[in-house]
Amino acid sequence: MSTHPPEGDADFQKSDRSARLLRTLRYVEAAGEAGIRPEDLAKKLGVSRRTAYRDLQALEASVGVPVWNNLGRWGVSQEGLLPELRFSKDEAISVVLAARLLAKFSTGYDPELGGALMKLGSLLENPLRSAVERTVTQLSQLTTDSEARERLRLLTTAWVTGRVVEFDYAAAWSNPGSSRRARVHPYLMEPSAATHTTYLIGHDETRSALRTFRVDRISNVRVTTATFELPKDVELERTLASAWDIVADQPLEEIVIRFTKEAAARAKETRWHPSQSIEEQADGSLIWRARISGLLEIRSWVLTWGEGAEVLRPDALRDDMARTHSAAAARYGATTKPNA
């Protein structure tokens, strides 16, 4: 009786296949220049020859690992690959933890990311390899947005090659339905933990200023042949350091917040912003200060503290909080509970 699992849906469930592709990569790389035959790979994986053959094809089609096959043997081509990286155990742990965090915030499956993680996992031993396998499995269960992938590919290409990019940009919720054509020097692509999306930060020729663009509001991307000079890294990092999360193109605001005695311990145990300073008060409360680019991003953070935080400055943010809490109190104070 064959020990191979039956062909069919069970054999190709994403959770099983992600881990198996990672092991496939390990075996193919270990074979070196001699390569490996599908039937030998099948025995090592405990699958049918047909499944092993499909996995070998998937290394390039789905994972992005360039492979060769000659006279029935398969191997990994070194062409198109970056030089091999060697991680210390502590470095590998850091990368795996970062990958786990990324998986929590991903909203769609990116095959390139999945491929990169599989390559990382092929270098590791358990329990780190198992953690990478779980991460790839988690990501592979998300849907793939081909349009979003192509948009991101064009933008990152412009960023990496130093090319000016043009695109249509949809306005934010404050002006729905409108859009404009922008011509931008992409300085940085930056993911946001707060909004679970990616942003492009760069010089907007049409505004003659640094601007931040949410990538999922971008469409009709065209990478031009024009090039630009990237500002010195230290200058760019200094500019971005003023952002609460991503937005660094707004005027600096001095934020002053009083945290209640009950909220003070939680507020002071985390460094929320590079510019922050804290002053513990005699009554157990805490005065928190920072200089932030604009009010939009920090607004949501302040609201998460509920009655535990009181904005003292600036007046615009304090008035906004007062209106928001007042409207919420009125809504929750309604006598009739709305239908779900």
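A: Trp272 has 28% relative accessibility and therefore counts as partly exposed (buried is under 20% relative accessible area, exposed over 50%, partly exposed in between, with a 1.4 Å probe and protein chains only). This is a predicted model, in which local features need pLDDT of at least 70 and side-chain atom pairs pLDDT 80 or more, while totals for chains, interfaces and linings use all residues. Residues are numbered from 1 along each chain, and side-chain values use heavy atoms, without hydrogens or water.

Q: How many aromatic pairs does a search of the whole structure find?
A: The search finds 13 aromatic pairs (Phe, Tyr or six-membered Trp rings with centres within 6.5 Å; planes under 30 degrees apart are stacked, over 60 edge-to-face, the rest tilted). Trp244 and Trp288 pair edge-to-face, at 6.1 Å and 80 degrees. Trp244 lies in the loop between helix 8 and strand 8, and Trp288 in strand 10, 44 residues apart (helices, H or I of at least four residues, and strands, E of at least two, are DSSP runs numbered from the N terminus). Trp288 is buried at 0%.

Q: Why is the pair of Trp272 and Trp301 tilted?
A: The ring centres of Trp272 and Trp301 are 5.2 Å apart and the planes stand at 55 degrees, so the pair is tilted. Trp301, in helix 10, is 29 residues from Trp272.

Q: Which strands pair with strand 3?
A: Strand 3 pairs in the antiparallel sense with strand 7 over 5 bridges and with strand 4 over 6 bridges (pairing requires at least two DSSP bridges). Tyr169 has Ile218 as its bridge partner in strand 7 and Arg180 in strand 4.
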